[in-house]
Amino acid sequence: MSIKVNYNNMMQDILGEKGISYEQLTSLVPFAQDAHAKVESKRGQGMQGWMDSPYNQDDVVARINQVAKKIQDSCENFVVLGIGGSALGPIAVFTALKHLYYNELPRSVRKGPRFYVIDNVDPERMNALFDIIDIENTVFNVITKSGATSETMSQYLIIMDMLTKKLGDKAKDRIIATTSETKGNLIKLANELQLETFYIPDGVGGRFSELCPVGLLPAAVIGIDIAELLRGAREMDEKCKVADIAHNPALAIALLQYISMKEGKNIGVMMPYADSLKYIADWYCQLWAESLGKEVDLDGNMVNVGQTPVKALGVTDQHSQVQLYNEGPFDKVITFLEVDNFRSECQIPHGCEAFPDVNFLCGHSLNELMTKELHATRYNLTQRGRANYTISMDVVNEYNIGALLYLMQLQTAYAGAMFNIDAYNQPGVEGGKNATYALFGRKGYEAKVEEMRNAKADLNKYIID
Ligand code: PA5
């Protein structure tokens, strides 16, 4: 396993009084073991179906690869329509594993179709897409597990209408549905129209779904080796079967974050030092926020737990956020994502001898600069007592990305068990959804309309024109 977790800088040995003591950590070993046991006891059950994803998809992978090959041969653009867990994984994996200007490469180099993910309902974004793609030459992958998400279903209706006007009966050949096999509207439409369809297993929730057809189909279409992604996840899973924080990296970082949150570190910064990992931070922010931000625990007690995730990018955000991280409140844990070997090298040439303040860079490489800046920033933060740990990998490839995603899913599951909360629901999202339905006059939401009418939301008192 080439993923390593280094949490020296969380500990008192390095961080001084702001750190966690060895005694404190070891006193919580039984607690961590208990969380591990709780997660293991539900492996593959309920909403923990994602723990089976690395093992039970041979047939799915074969079919996905077959369909992906057909798409590669038959279209110029592949567009994912989805939101939240149905979009952030495909974006993260695409950015991690494909050329950083993939869409701009010539087709002969790219091999696969151009790739877009439309994860919002901003009309400007939607129409901008139609300015750059020929929809007749495009396959759209509509991804929604519930088949009820207003944003995704609106996009579907727009695309289906446009395609039908252009292609008539053949419109259905340009749409692939990824959804629940048993629930929701999309599966009904897909069956009626005989769309090519992939199923999201019942026990796999949106933010835990990148390693099922939600993420695997888009990845395969752009030429990513999805069997390798799953192999990485599988090996991480095997490694984490032990209930021992000295050998299970997901359990260790879940416990460290749990202790930190209990001590008031309510902000978790995810800071990759690689552009390729930039959107892994976005994906992780959803996973961490939506899973752990909960009002009540499993026994019904009001707990209002969670840690606000923040995404930052090294080195770019050294010039925006790091001032705060060094000198602001001691309320953060910073997770660095480090890559030992970049997939390409860029030398900084000589030729500036007259300017020593610039010349010191000459003869080095951007690779060195990136790495040294990470080391320097981490050193400085640590010297100032700022809690941080590092997840590193030797290189960004399919195997390591599969392992990393799975590590983070497990960390989240263990942390959920430690807080005794349901990490798989999102009741806080429902309120906004219901209010939207009411605003649209959807049948069944009359009471909500009434409630909103009586609320003080339209107060005119504190408005500046
Ligand atoms: O993690 C989750 O469950 C959510 O973020 C969902 O992925 C998101 O709301 C989209 O849901 P659906 O796939 O049902 O359209």
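Reader: How far is an oxygen atom of the ligand from an N or O atom in the side chain of Ser86?

Author: A polar contact is a pair of N or O atoms within 3.5 Å. In this predicted model, the distance between the ligand oxygen and the N or O atom in the Ser86 side chain is 2.8 Å. The side chain of Glu290 places an N or O atom 3.2 Å from an oxygen atom of the ligand.

Reader: How much of the ligand does the protein bury?

Author: The ligand taken alone exposes 380 Å², and 87% of that is buried by the protein.

Reader: Which residues around the ligand come nearest?

Author: There are 13 residues around the ligand, and the nearest are Ser86, Thr144, Ser146, Thr149 and Gln286.

Reader: In what order do the strands of the open sheet stand?

Author: The order is E3-E2-E4-E5-E6, with parallel pairing among these five strands. Strands E3 (114-118) and E6 (196-200) each have a single partner strand, so one side of each has no neighbour in the sheet. From one strand to the next, the twist averages 20°.

Reader: How many bridges join strand E4 to strand E5?

Author: Four bridges connect E4 (residues 138-143) with E5 (residues 175-180), and the two run parallel. Asn141 is opposite Ile176 in E5.

Reader: Which strands do helices H8 and H9 touch?

Author: Helix H8 (residues 150-167) packs on the sheet and touches E2 (77-81), E3, E4 and E5, its direction making about 150° with that of E4. Helix H9 (residues 185-193) also packs there, touching E4, E5 and E6, and its direction makes about 135° with that of E5.

Note on methods: Residues are numbered from 1 along each chain as its sequence is written. This is a predicted model: local features need pLDDT of at least 70, side-chain atom pairs count only at pLDDT 80 or more; totals for chains, interfaces and linings use all residues. Side-chain values use heavy atoms; hydrogens and water are left out. Two strands pair if DSSP finds at least two bridges between them. Axes are lines fitted to C-alpha atoms, for helices over the stretch in contact, and angles run from 0 to 180 degrees between N-to-C directions. Contact means heavy atoms within 4.5 Å. A residue is near a molecule or strand if one of its heavy atoms lies within 4 Å of it. A polar contact is a pair of N or O atoms within 3.5 Å; within protein, one must be able to donate a hydrogen and the other to accept it, and residues adjacent in sequence count only if both atoms are side-chain atoms. Accessible areas come from the Shrake-Rupley method with a 1.4 Å probe; for residues, only the protein chains shown count as cover.
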